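The following exercises ask you to read a model step by step, each with a worked solution. Please keep the sequence and the coordinates at hand.

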Amino acid sequence: MTQHHNPLSQFELKTILPLDIAGLDFSFTNSGLLMFVAIALISAFFALSLRKASIVPSRLQVSAEMLYRMITDMMKQNVGEGGKPFIPIIFTTFMFIMTCNLLGMLPYSFTATSHIIVTFTLAIIIFLLVTIVGFAKHGLHFLSLFKPDGTPAWLAPLLIVIELFTFLARPISLSLRLAANMIAGHVMLKVMAGFVITLMVVLKPLPIPLMVILIGFEIFVAILQAYIFTILSCVYLNDAVNLH
Amino acid sequence: MKAATDLVSCVLVGTIIGVYLDKWLHSSPLCLIICILLGSAAGFKAIMKK
């Protein structure tokens, strides 16, 4: 019993297709499968909704355009005109994270974004993009990001090191936030569901309405965390594109 | 949640940098202590900025 009701067993990787290249484990797991499903769903959604693009749009087309409009507005507000070339990567990241989070809400599914290595990969892509764009656009002047305006000269060495640490902590903080939120929510759901089994007979129905509320809350968190990830990427891109 | 991850990640970065600086310079606990303190300072600064 304890083995099947372990709240953490839902995050276990299960190998579907064992694959070993040069001593490294490239096995196709349920995490990879869910990511492929997410990509297929996103592609199918946009292919279907924009197949017959018309001036008087269908409902599907409106939903696709609304998602795109949301990201472009976010970029315009946070980055300005200089952010236009980065809309594709931000939009892709948002759609991928949101679809992975929402797929994790299905029963017997797997949340790919609950593993730090997945979210860290996404975060390190954003981090490298910001760093490369910053150095390409401003050259060595980009390093002035580490020195806040109006720093006294005697305090500058200390503050530069501290700012460097906060800059390096960005990808870790981004990935940790997304993964921690996903793990916490799913473990909470599983623990609540476990109460139905372990509580005495009279109290058994009590956690069920709570579960309904929590599942609604989890769907909200899934979308909110994707939004937070994207808006923080926009804030970081703003540092690189428009250096103060 | 945001403040918590900011603080944790800053201290984590400080610890990692400290451990590797120690390995490089053979100055076992010194760099680790300094970098953890700097990392905590960076974490609190990141929280206060919000």
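A residue is buried if 20 or more other C-beta atoms lie within 10 Å of its own, exposed if 12 or fewer, and partly exposed in between, with C-beta atoms placed from the backbone. This is a predicted model, in which local features need pLDDT of at least 70 and side-chain atom pairs count only at pLDDT 80 or more, while totals for chains, interfaces and linings use all residues. Residues are numbered from 1 along each chain as its sequence is written, and chains are lettered from A and ligands numbered from 1 in the order in which they are written.

**Exercise 1. Describe chain A as a whole.**

Step 1. Of the 244 residues in chain A, 26% are buried.

Step 2. With helices (H or I, at least four residues) and strands (E, at least two) taken as DSSP runs numbered from the N terminus, chain A has six helices and four strands, in the order β-β-β-β-α-α-α-α-α-α from the N terminus.

Step 3. The mean pLDDT (the predictor's confidence in each residue, from 0 to 100) of chain A is 87, and 98% of the residues score at least 70.

**Exercise 2. Determine how helix α4 (residues 116-138) and helix α6 (residues 207-241) of chain A pack.**

Step 1. Using axes fitted as lines to C-alpha atoms over the stretch in contact, with angles from 0 to 180 degrees between N-to-C directions, the two axes come within 8 Å and cross at roughly 15°.

Step 2. Angles under 35 degrees count as roughly parallel, over 145 as roughly antiparallel, 65 to 115 as roughly perpendicular and the rest as oblique; α4(A) and α6(A) are therefore roughly parallel to each other.

Step 3. Contact requires C-beta atoms, placed from the backbone, within 7 Å; among the residues making it are I126(A) and V130(A) of α4(A), and Y236(A) and L237(A) of α6(A).

**Exercise 3. Repeat the analysis for helix α2 (residues 59-78) of chain A and α3(A).**

Step 1. These helices pack at an angle of about 125°, with their axes 10 Å apart, which makes α2(A) oblique to α3(A).

Step 2. On the α2(A) side the contact involves Y68(A), I71(A), T72(A) and M75(A), which meet I87(A), I90(A), F91(A) and F94(A) in α3(A).

How values were computed. Contact = placed C-beta atoms within 7 Å.
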